[in-house]
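Notebook open, model loaded. I want to look up some salt bridges first, then a pair of helices.

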Amino acid sequence: MSWKIAGACGCVAVSAFVGYCIYFDSKRRSHPDYKKNILLRRSAAKKKTKGESGEKMFLKEMSRAEACIMQGAVDEAVEHLINALCMTSQPQRVLAAFSQTLPASIFEPLLQRLPPHFTGMGPSPMGGMGGMGGMGGDEFEDPGID
């Protein structure tokens, strides 16, 4: 007899818990700011992963370029540096850093092979105008996922 009572109490407790979960979920979803909060959370998560993957790709291309420079393969190094520039949302800032850190034997071929929007002429496909403007925002951009 006591097992039947314990089983019945257990069923009532489980039913009450499931009912409470359903009630709480319906209240949560009917809240006026629910959809806005969900969209904000998703966009923040997307920006975070987008920035991380862009930064990883940028660092990967930079390390490949460095390895090519060490081996004396200037053309391959320039190609990897251009790929690294494509990963950033502000290529002019990175290009300015390259001009100060890279030797002229690598920087000159890099400038010759760059598309016009990287050298500060006209609008950039990464956003903003060319030149050193637009100092705010994320430094890296993942070109593959939107």
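How many residues apart are D25 and R28 in helix α1 (residues 2-29)? I count three, and that separation is about one helical turn. Helices here are DSSP runs of H or I, at least four residues, numbered from the N terminus.

Ground rules before I go on. This is a predicted model, where local features need pLDDT of at least 70 and side-chain atom pairs count only at pLDDT 80 or more, while totals for chains, interfaces and linings use all residues. Residues are numbered from 1 along each chain as its sequence is written, and side-chain values use heavy atoms, with hydrogens and water left out.

**Entry 1: salt bridges**

I searched the whole structure and got four salt bridges (a side-chain nitrogen of Lys or Arg within 4 Å of a carboxyl oxygen of Asp or Glu). The side chains of D25 and R28 make one of them, at 2.4 Å from N to O. R29 also bridges to D25, at 3.2 Å, N to O. R29 and D25 sit four residues apart in α1, again about one helical turn. I noted the general rule too: an α-helix has 3.6 residues a turn, so residues three or four places apart point the same way.

I checked accessibility (buried is under 20% relative accessible area, exposed over 50%, partly exposed in between, with a 1.4 Å probe and protein chains only). D25 is partly exposed at 26%, R28 is partly exposed at 35%, and R29 is exposed at 53%.

Next I looked at helix α2 (residues 34-71), where R64 and E61 lie three residues apart, about one turn. Their closest N and O atoms are 3.3 Å apart in a salt bridge. R64 is partly exposed at 35%, but E61 is buried at 12%.

**Entry 2: α4 and α5**

I then checked how helix α4 (residues 91-101) meets helix α5 (residues 104-113): their axes come within 8 Å and cross at roughly 150 degrees. Axes are lines fitted to C-alpha atoms over the stretch in contact, and angles run from 0 to 180 degrees between N-to-C directions. α4 and α5 are therefore roughly antiparallel (the label for angles over 145 degrees).

Which residues in α4 and α5 meet? L95, F98 and S99 in α4 meet F107, L110 and L111 in α5 (contact is heavy atoms within 4.5 Å).

Notes: Helix = DSSP H or I, 4+ residues; strand = E, 2+ residues; numbered from the N terminus. Parallel < 35°, antiparallel > 145°, perpendicular 65-115°, else oblique.
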